[in-house]
Amino acid sequence: MSLTVSVVIPTYHRPKLLERCLEALARQTLPAHLYEIIVVDDGRSDDTRAQVAAFAARIGGLPAVRYLRPGGTRGPAGARNSGWRSSNAPVIAFTDDDT
């Protein structure tokens with residue numbers, strides 16, 4: 001089965017909130033092979049990149065988790081746009097790192 005939903009999360013230097021959001025997404029009820037998580041790091045932080053990689057490794061690859069670092073800080077709307085443009089699913093869901 002192919003992906004049905006891409007979940008886009010813009011973030012900016014809020015690792016505790018991002019971790020909580022990622023954990024919640026991994027626990028929801030849609031089968032993990034049907035969605036991907038795209039974290040767009042508007043703060044362009046190596047720590048956030050490492051955090052997302054560690055999370056992806058911890059959950060074993062499902063759901064797929066991708067990290068994007070836009071060319072410059074453009075705010076949450078710009079980060080969301082970067083995320084949906086790189087998505088692989090027909091449905092895009094947006095959430096924030098503090099959700």
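At the start of helix 2, which backbone nitrogen does a side-chain oxygen of Ser45 reach? Select Ser45 and Asp47: the Ser45 oxygen comes to within 3.1 Å of the backbone nitrogen of Asp47.

This is a predicted model, in which local features need pLDDT of at least 70 and side-chain atom pairs count only at pLDDT 80 or more, while totals for chains, interfaces and linings use all residues. Residues are numbered from 1 along each chain as its sequence is written, and side-chain values use heavy atoms, with hydrogens and water left out.

**Helix 2**

Next, select residues 46-59, the 14 residues of helix 2. Helices here are DSSP runs of H or I with at least four residues, strands are runs of E with at least two, and both are numbered from the N terminus.

Colour Thr48, Gln51, Val52 and Phe55, the buried residues of helix 2; buried means under 20% relative accessible area and exposed over 50%, with a 1.4 Å probe and protein chains only. They lie on the same side of helix 2, because they cover an arc of only 95° around the axis, taken from the directions from the helix axis to the C-beta atoms. On the face turned away from the buried side, find the exposed residues Asp46 and Ala57. Just after helix 2, Gly60 takes a positive phi of about 80°.

**Asp97**

Finally, move to Asp97, in the segment after strand 4 (91-94). Asp97 counts as buried, because its relative accessibility is 2%. Its side chain makes polar contacts (N or O atoms within 3.5 Å, one able to donate a hydrogen and the other to accept it; residues adjacent in sequence count only if both atoms are side-chain atoms) with the side chains of Thr11 (2.7 Å) and Arg14 (2.4 Å).

Definitions and conventions:
The expected span of a helix is 1.5 Å times one less than its number of residues.
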